Amino acid sequence: MSSLVLILILLPLIGGLLQAALPFPRIRSAIILATAAATIGLAHLFLLRGIGADPIQIDAGFAWFERHAMLPVEILVLLILFTVAVKHRNVLTFLLVIGHALLLLGLHRAGHPEPLAQPLRFDSLALIMIMIVGVVGGGITIHATGYMRDHHRLHPAQPDRSPLFFFMILLFLSAMFGLVLSDSLPLMFLFWEITTLCSFFLISYERSKTAIKNAFLALNLNLLGGFGIGFAILHQTVHHGTPVLSTIASGAAPGALMAAVLIAVAGLAKSAQFPFSSWLLGAMVAPTPVSALLHSSAMVKAGVYLILRCGPVFEGTPAGFLIALIGAGTFLITSLIAVSQSNAKRVLAYSTIANLGLIIACAGIGTRQAMWAGMLLIIFHAVAKALLFLSVGTAEHKLGSRDIEDMHGLIICNPRLALAMLIGAAGMFLAPFGMLISKWAAIEALIQANPLLPILVAFGSAPTLFFWTKWMGKILACRPTTCPIERTVHLTEQAALGLLCCLTVGICALFPLVGSHVIEPFLGLYYTGQVQIGLRNAITMFIMLGVLALLPLSVVYRSRRERPVEPYLCAANVTGAGQFIGSAGAVHTVHLRNYYLADLIDERLLNRVGHLLGASILLVILAAATW
Amino acid sequence: MQTLLYILLFILLAPFLGGLLCGIDRKVAARMQRRVGPPLLQPFYDIIKLYGKENLVVNLYQNLYLAGFLIFMIIAGSIFFAGGDILLMIFAFALSSIFLVLGAASATSPYSHIGAERELIQIMACEPMLLIAAMGLYLPAGSFMVADIAAFDRPMFLFLPAILFGLLYILTIKLRKSPFDLSMSHHAHQEIVKGVTTEFSGPALAIIEITHWYETVLILGFVYLFFAWNPWIALPATFLLFLAETLVDNTNARLKWRFTLTSSWIVAAAGALNLILLFYLLKAGI
């Protein structure tokens, strides 16, 4: 196991370093594909080893690393950030980096914590994250090779920095694997900072003014949140000697709740919850595979992952309830804002923030059933959202726009891409797909703790129905069209989309197994009892899935008496063109736009309210925790 | 076995019950307007006639969505009448409504497009209240299973007055009654081009009508749960509330979508307050 872990963490890193070293584009992309495929394979090896196994502590050389080599790497990360801050004259980043340096110094002055002999830990929650980062991340990396080629073909003015791009992507995969496997809090913190660093370079990839501005926003908010973990390490070092994540999670460490709250603050920032949410919207300037990998499936999941880890400590505490309240409130407000957006990436960004909020609501409550729902949400969201981001990215290159209005009739022009998008969207909000199963479990879990949370979820899930359905309706509109059927999507992109489509549907069909073999073993460490899905409910959902799968077949068997006619336009139609002849013989084309309820939903106002509420709840939590 | 029997009974009887209710509604409405009105069985005659008509389509896929609309409505009803999980029922119900919206959106006529958008607004208006009602029924009964809620031995509506009111409020939307018949109205005086159903004709229109009958029975079943402790009170109460909807329908003109949406959410918020109060009252052991 030890060597397997080491390979998993080092392999993407080596692949990344080769990107920076090798001058030949062909070989570079072959290495990327090989690394991604190997990562997917390795993740499956972990799945085979990890199912039903007890958690194990692992050394894999990281005890030595923590003792001898971690400090130089930490200093290197801070130096890079420092250089960047100086180069772009960003005072705030400068101050935050200085702050982090002082924190590092403080940690060493506070009696350097005795490193664990086995600083890594592998359990079912880590397994879930490894599968997400490995399989979904691997798929996204494969998609990115084709995407970046198109990107530079369409933007010839931009200098091609794809070696840096893929170095950062692969480094990020390494850091994510390290993050989810770390049990030692200082080691986890290092990986955490590396993901922040990768995120900065990937958001600023285009080097445009907005890109750099938004990259700094993301960097600053995440550095700010990072203090939470720093203080948690300090707190645990002083009170306990060794800051260990698993003892905090089990409540065995003295002052575990305080440490958990501090960690949760960092998690809220990383997962872009109110009041930290603004950075994720800005991060959408990055190339779409980055949004898919860092800003929906993997990096932002690191935040909710940590809060979920601390979930058992939060059970029944006021601090846990307040964290859950931030999550549920974020879910409601960002779901509402998403209704008013027509830019597909912004819709996806708001929906990501919303779903992360839902996971945090579950983790903050921390009962067995809530944790069950939260873990299921992480899995389903990662897969379906990655699929959506990637298909929007591909559509953007083919249509020249990321506006949902321009996807009118995509099913006619590009049926396979449209189908991928539809499966992703259905996976996000429709019964019997994954997200809905989790939302259902979340409502049943939350109502037992406090009715306010499921009420917020109930109000928040209504707008999600609205914006997903109108998007699907746009794609499915059968407009009369002459556009050529697009066959120029790169093979790598098709492969990644196909993989994620299969995963979205497959996990949904297998979810009782996921529940019993992956989630239950983790929950069994902290809780007694068992979460019942109920055989009857499972059967009902299988029937629904079956009906959905069979429904398209009814097109084949059609009533013989159907007669195609022109849609009603309240005038004389121009046959087959979606046009009508108006007064004085003028020909008009029909334009259909979706509703955005813009006069009812004010994005700025809602964001402001969210920030205000989020900040005040956060202050209450911190004040109460320190007092 | 008994479960399967209930499901079978629902699938076979619900359209007749729904059609009969629709006939009663039309008769009573006519009497309110001092007309004689159609025969009680007129809705069934309509369906037979629609099946005899030609099936005009604007694209090859639109009737596919109607199949989804009908099948998932039947699944939602089956979950409900088999005593299953009420939240799962609400989700299947939402899926069914979404199929109708997608069917209308695929037709790309401006009228059916606007109908689809308005139908979506109606769904968004109803969804929170439906979920809050389910949670409200859960609190006293201690279970989300319809069978357990129906077996609760005290009058549920006394625990949940605001929630019952809220459910009746959105019942108006679900039954497509004025003042909230935005996406499609049963009355010719409201509109000539019939919103969400503009591009459906003949047998397809008949399917929409039959699905609406299933929907009527299902949502009235939801109302029934509030009185389920005594069937002799519950049946007449549900029927009277249905007739009250007819009265509302005939005494109100259509309102704008904004009012529909905001007012339903305000009513749902009142229901939410009811829920919170009840939670703490039950916790205190009252």
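# Exercises on a predicted two-chain model

In this predicted model, 51 residues of chain A are in contact with 54 residues of chain B.

## Exercise 1. The side of chain A that touches chain B

Find which elements of chain A supply the contact with chain B, and state how the residues divide by class.

Solution. Start with the elements that give two or more residues to this side: helix H19 (434-449), H20, helix H23 (535-550) and strand E3 (562-564) of chain A. Next, look for the largest share; H20(A) holds it, with 15 residues. Then sort by class: the side of chain A that touches chain B has 34 nonpolar, 9 polar and 8 charged residues.

Strand E3 of chain A also takes part in strand pairing with the other chain. E3(A) is joined to strand E1 (residues 55-57) of chain B by 3 bridges, and the two run parallel. Within this pairing, Val57(B) is the bridge partner of Pro564(A).

## Exercise 2. A helix pair

Classify the packing of helices H14 and H24 of chain A by the angle between them.

Solution. Helix H14 (residues 318-339) and helix H24 (residues 603-626) of chain A pack at an angle of about 175°, and their axes are 10 Å apart. Angles over 145 degrees count as roughly antiparallel, and H14(A) and H24(A) therefore fall in that class. The residues of their contact divide into 18 nonpolar, 5 polar and 1 charged.

## Exercise 3. A sheet in chain A

Now take one pairing in detail. Strand E5 (residues 579-581) of chain A pairs with E6(A) over 3 bridges, in the antiparallel sense. Here Gln579(A) has Thr589(A) as its bridge partner in E6(A).

## Exercise 4. The surroundings of Val392(A)

Decide whether Val392(A) is buried or exposed, and list its contacts beyond four places in sequence.

Solution. Val392(A) lies in helix H16 (residues 368-399) of chain A. Burial needs 20 or more other C-beta atoms within 10 Å; Val392(A) has 25, so Val392(A) is buried. Leaving aside neighbours within four places in sequence, Val392(A) is in contact with Thr288(A), Ala344(A), Lys345(A), Leu348(A) and Arg402(A). Gly374(A) is 18 residues away along the chain, and its C-alpha atom is separated from that of Val392(A) by 26 Å.

## Exercise 5. Backbone exceptions

Most residues other than glycine have a negative phi, and most peptide bonds are trans. Locate the exceptions at Leu597(A), Arg176(B), Pro275(A) and Pro179(B).

Solution. Begin with phi. Leu597(A) has a positive phi of about 50°; this residue is in the loop between E6 and H24 of chain A. With 19 other C-beta atoms within 10 Å, Leu597(A) is partly exposed. Arg176(B) has a phi near 60° and sits in the loop between H8 and H9 of chain B. Arg176(B) has 22 C-beta neighbours inside 10 Å and therefore counts as buried.

Then turn to omega. The peptide bond from Phe274(A) to Pro275(A) is cis, with omega near 5°. Pro275(A) is in the loop between helix H10 (256-270) and helix H11 (278-282) of chain A. In chain B, the bond from Ser178(B) to Pro179(B) is cis, again with omega near 5°. Pro179(B) belongs to the loop between H8 and H9 of chain B.

Key
Residues are numbered from 1 along each chain as its sequence is written. Chains are lettered from A and ligands numbered from 1 in the order in which they are written. This is a predicted model: local features need pLDDT of at least 70, side-chain atom pairs count only at pLDDT 80 or more; totals for chains, interfaces and linings use all residues. Axes are lines fitted to C-alpha atoms, for helices over the stretch in contact, and angles run from 0 to 180 degrees between N-to-C directions. Helices (H or I, at least four residues) and strands (E, at least two) are DSSP runs, numbered from the N terminus. Angles under 35 degrees count as roughly parallel, over 145 as roughly antiparallel, 65 to 115 as roughly perpendicular and the rest as oblique. Ala, Val, Leu, Ile, Met, Phe, Trp, Tyr, Cys and Pro count as nonpolar, Asp, Glu, Lys and Arg as charged, and the others, Gly among them, as polar. Two residues are in contact if their C-beta atoms, placed from the backbone, lie within 7 Å. Two strands pair if DSSP finds at least two bridges between them. A residue is buried if 20 or more other C-beta atoms lie within 10 Å of its own, exposed if 12 or fewer, and partly exposed in between; C-beta atoms are placed from the backbone.
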